[in-house]
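The exercises that follow are meant to be worked with the sequence and the coordinates side by side. Try each task before reading its solution.

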Amino acid sequence: MNDVTTTAPLESRAVPGAKDAATVEQALLSRRSVRAFLSTPVPHRDVERLLELAARSASNSNSQPWQVHVVTGAVKSRLTSALLAAHDSEGRVGTREYNYQPKPDEWVEPFRARRRKFGEGLYGNTLGIAATDSAARLAHHRRNYDFFGAPVGIILTVSRHPLDGALVDAGLFLQALMLAARGAGLDTCPQASFIDFYPVLRRHLDIPDDQLIVCGLALGYADREHRLSRYSTPRETVASFATFYGDPR
Ligand SMILES: Cc1cc2nc3c(=O)[nH]c(=O)nc-3n(C[C@H](O)[C@H](O)[C@H](O)COP(=O)(O)O)c2cc1C
């Protein structure tokens with residue numbers, strides 16, 4: 001086990017835009033879910049370095065329950081083909097390995113309204129797809145399975161023992177990975193859509209049975225000219241979710 005990071009500094013730091021995200025605040029402010037990537041490859045040692053940085057995340061008693069499966073090149077293409085074949089013929093499996101989100105009619109307020117606003121912003125305003133055009137929506141959704149064109153696809157898993165804490169740790173790892181990527185001028189999109197086809201992932205990747213598939217992550221260089229890159233999501237105010245006690249000055 002390493003006490004400090006050991007891989008080389010990130011090669012990708014030289015790319016335009018990387019310097020802008022080199023502080024934690026800038027990485028947080030500039031991160032967004034990117035759904036259009038350039039095919040420009042990410043050097044393997046940079047992927048390793050990002051994973052090493054993400055592994056600095058806190059975890060329950062330093063248990064580090066995460067694992068990642070990184071796919072590129074021909075393996076990624078084969079996985080995409082298999083996922084799309086399953087998507088187009090079988091549809092998503094009925095029960096996911098874990099309950100990431102409610103069914104569409106089970107969302108409650110205020111989350112239902114926020115979800116609707118997100119959908120309108122992405123499909124309506126950005127892609128120009130009408131709410132009734134389910135074929136066009138599906139065509140966009142299918143792009144999830146080629147990691148939106150990113151050269152690197154990551155499948156994140158965590159130990160099932162004990163699951164609740166491990167899911168928290170997995171979330172921290174995921175966020176750290178996304179911010180580390182930003183600091184290197186790279187972009188990401190977290191993708192729960194993969195868990196709809198977890199049997200395909202298990203067939204193609206060497207995922208131990210005691211690891212639960214949490215989500216996928218696209219990693220690469222954003223295509224900033226693409227119209228999807230214009231989309232950014234709003235946030236609620238601090239006052240809407242924070243309660244302050246004591247005597248704030
Ligand atoms: C665990 C997780 C899973 C997600 N799954 C998907 C997905 O399958 N496809 C997708 O396009 N976006 C996915 N998203 C992205 C969210 O839609 C996005 O984070 C949210 O709308 C806020 O936008 P932002 O990330 O650009 O700030 C996911 C996000 C998280 C955290």
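Helices (H or I, at least four residues) and strands (E, at least two) are DSSP runs, numbered from the N terminus. The model is a predicted one, in which local features need pLDDT of at least 70 and side-chain atom pairs count only at pLDDT 80 or more, while totals for chains, interfaces and linings use all residues. Residues are numbered from 1 along each chain as its sequence is written, and side-chain values use heavy atoms, with hydrogens and water left out.

**Exercise 1.** Locate Tyr98 among the secondary-structure elements, and decide whether Tyr98 is buried or exposed.

*Solution.* Begin with the position: Tyr98 lies in the loop that joins H3 to helix H4 (111-126). Next, take the accessibility, where buried means under 20% relative accessible area, exposed over 50%, and partly exposed in between (1.4 Å probe, protein chains only). Because its relative accessible area is 13%, Tyr98 is buried. Then list the contacts (heavy atoms within 4.5 Å): leaving aside residues up to four places away in sequence, Tyr98 touches Leu167, Ile195, Leu212, Ile213 and Val214.

**Exercise 2.** Check the length of helix H3 (residues 73-89), and work out which elements its buried residues pack against.

*Solution.* The expected span of a helix is 1.5 Å times one less than its number of residues. The 17 residues of H3 should therefore span 24 Å, and the end C-alpha atoms are 24 Å apart, which agrees. The buried residues of H3 are Lys76, Leu79, Thr80, Ala82, Leu83, Leu84, Ala86 and His87. An α-helix has 3.6 residues a turn, so residues three or four places apart point the same way. The partners of the buried residues of H3 are strand S1 (66-71), helix H5 (134-142), strand S2 (152-159) and helix H7 (198-204). Just after H3, Gly91 adopts a positive phi of about 75°.

**Exercise 3.** Describe the fold as a whole, from its order of elements to its overall dimensions.

*Solution.* The protein has eight helices and four strands, which follow one another along the sequence as α-α-β-α-α-α-β-α-β-α-β-α. Of its 249 residues, 41% count as buried. Among contacts between residues at least 6 apart in sequence, 83% join residues at least 24 apart. As for dimensions, the C-alpha atoms fill a box of roughly 55 × 50 × 40 Å, taken along the principal axes.
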